[in-house]
Amino acid sequence: MAVNVADLDLRGVSEGLGRRELSSVEATEAYLRRIATHDGVLRAYITVTGDTALAQAKEADTEIGRGRRRGPLHGVPIALKDLIAVAGVKMTSGSQVLADHVPARDAFITRRLKDAGGVLLGKLAMHEWAFGRPVTDGPFPTGRNPWDVRRAPAGSSSGSAVAAAAGLCAGALGSDTGGSIRGPAAMTGLVGHKPTYGLVSRSGVLALSWSLDHVGPMTRGVWDSAVMLQAIAGADPDDTSTRHATTQDYVQHLEDGARGLRLGLLKRYYVDFPGLNDEVRGAALTAFDALRKEGATIEDVDAPSLDLALAAWAPIMSEAYEYHAETIRKTPEKFREGLRTRIYLSALFTAQDVQRAQRLRARIGREVDALLSRVDALIFPGQAAPALKFEDFPTTGFAPASIRYTAPWNLLGLPAAVVPCGFSREGLPVSIQIVGRRFDDATVLRIARAYERVTDWHRRRPDPARWTL
Amino acid sequence: MKTMDDRRAQFDAECRSAGLTLGARDYDLLYDMWLDWLPERDRLRATMPEPEDEPWR
């Protein structure tokens, strides 16, 4: 084995396995060594399933050796956010409530990944119940940003971001209710793809707010995310929201480029937002120029009702109150105060607030659908600002203003991906975001790849020498 | 124009209505959070839906 596995993206690992330059056991052992060396600081994992992973890797090597490679994920070591069930493996959701919970069945998507031959390295850290705040203490620390370990990777799929960015797995799955895939992916220089609502099953995945929850990949490259999405997308009889799931080939058109595509830049709502960091704005505008040079046409567009998106998103989060109400009433001490308060706030919306929110959700959806009938996708900066230091992270507030960059797309259920577009002066990743039509995740990934392939941001790696406290 | 006392009374009434029984620390934190989010909630309540603003259609 001449390659340094931790420097590879998922594609590199997959192609190394395909060419027999690397075995699955070698790759798995390399990741396990790296986890053992660095996770004491990075805290990406809650549970490492080393023995099981090595057994899966041996089985993969045997099958691949017999010429029976199942596909691009076969033998590739990956990891899952700790709210996705793996039979027989502890699943905590980053919460003391579930500290000893061991599910008996795999989630649908876990079965899909196993069927694809993926090797499961373990379960990844996350913000408590996907709605808590970043923490460095207690039984469930949420992980440190590998680009600067004094900073949070954001959340809630914090461990997924840390593990994928630091080379502690080849790719990870996260979940996203208001930005929990795209936020941490943006903060750590990853591609993060929130699929269309109803494309990926949530059965066996713990809920935060079921009409806003999505599960999707977080990886170093666009191809990586496309391959992971391919494995998990599709209808599941146990999740009725997927009954209209329309899958595509997410890899086939990745290299088709941007020529001829019409992109709508949401300038007023996103680029002109006073809370947008200047370095993010500058990098994003440069990235949009790169897409223009690749043959895309870009026009400024607007959906005025986006101004109502956060006002509509919050009452719908009262689904989280319903989910936790009994447990929090009986055992409030099992919730950290940051999460507890957010859940209590969800109780203060009235029934009329929730129904008003649903009606405005329909209005925003109509406006955005009209935009997407004129353009192939919407583009804008991927985040408001680069990663924050732990001590600068807001300790109060229901949601930061910056959630405007992500939450509207949970509300509408449209596919949305972030892709890295540069670094701040302090060496922190920044990104752009692409939003597409319902069930046209392939075009979102194609645009992301069209940008990625003319840049090298995705090839940069954080320096392990700086992973000290 | 509501005074802070009015706000506090409104908050207390909403907590009672929701059946929340809070310790002192949670009460203070929730009040601050509620106050912080109030402009968004007011915006929601001030926006009249159109007849065609119907979910699930």
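1. Leu266(A) is in contact with Val301(A), Asp302(A), Leu378(A) and Phe380(A), leaving aside its neighbours within four places in sequence. Two residues are in contact if their C-beta atoms, placed from the backbone, lie within 7 Å. Leu266(A) sits in strand β7 (residues 262-266) of chain A. Leu266(A) has 23 C-beta neighbours inside 10 Å and so counts as buried. The cut-offs are these: buried means 20 or more other C-beta atoms within 10 Å of the residue's own, exposed means 12 or fewer, and partly exposed is in between. Ser95(A) is 171 residues from Leu266(A) along the chain, and their C-alpha atoms are separated by 37 Å.

2. A word on the model. It is predicted, with local features needing pLDDT of at least 70 and side-chain atom pairs counting only at pLDDT 80 or more, while totals for chains, interfaces and linings use all residues. Residues are numbered from 1 along each chain as its sequence is written, and chains are lettered from A and ligands numbered from 1 in the order in which they are written.

3. Chain A has 15 helices and 11 strands. Helices (H or I, at least four residues) and strands (E, at least two) are DSSP runs, numbered from the N terminus. Of the 469 residues, 62% count as buried.

4. Look at helix α1 (residues 10-18) of chain A. Its buried residues are Leu10(A), Arg11(A), Val13(A), Ser14(A), Gly16(A) and Leu17(A). They pack against α2 (24-42), α3 (50-65), β6 (214-219) and α7 of chain A. Just after α1(A), Arg20(A) takes a positive phi of about 65°.

5. Now the core. The largest nonpolar core has 166 residues, and Ala163(A) and Ala312(A) touch the most other members. Such a core is a set of buried Ala, Val, Leu, Ile, Met, Phe, Trp, Tyr and Cys residues joined through C-beta atoms within 7 Å. Helix α7 (residues 222-232) of chain A gives the most to this core, 8 residues. Ala312(A) touches Leu44(B), and also Ala357(A), Leu360(A), Arg361(A), Ile364(A) and Leu411(A), not counting residues up to four places away in sequence.

6. Chain B has 2 helices and 0 strands. Its radius of gyration is 15 Å, well over the 10 Å that the globule rule gives for 57 residues, so chain B is more spread out than a compact globule. Its C-alpha atoms fill a box of roughly 45 × 30 × 15 Å, taken along the principal axes. Of its 57 residues, 14% count as buried.

7. Helix α2 (residues 24-46) of chain B bends. A kink of about 45° lies at Leu38(B), shortly before the proline Pro39(B). The bend at a residue is the angle between axes fitted to the seven residues ending there and the seven starting there. Buried in α2(B) are Leu29(B), Leu30(B), Met33(B), Trp34(B), Glu40(B), Arg41(B) and Leu44(B). Their cover includes α10 (309-316), α12 (337-346) and α13 (351-372) of chain A, together with α1 (4-18) of chain B.

8. Where do the chains meet? In total, 25 residues of chain A are in contact with 23 residues of chain B. On the side of chain A that touches chain B, α10, α12 and α13 each supply at least two residues. The largest share, 9 residues, comes from α13(A).

Key
Rg over C-alpha atoms; globule rule 2.2 N^0.38 Å.
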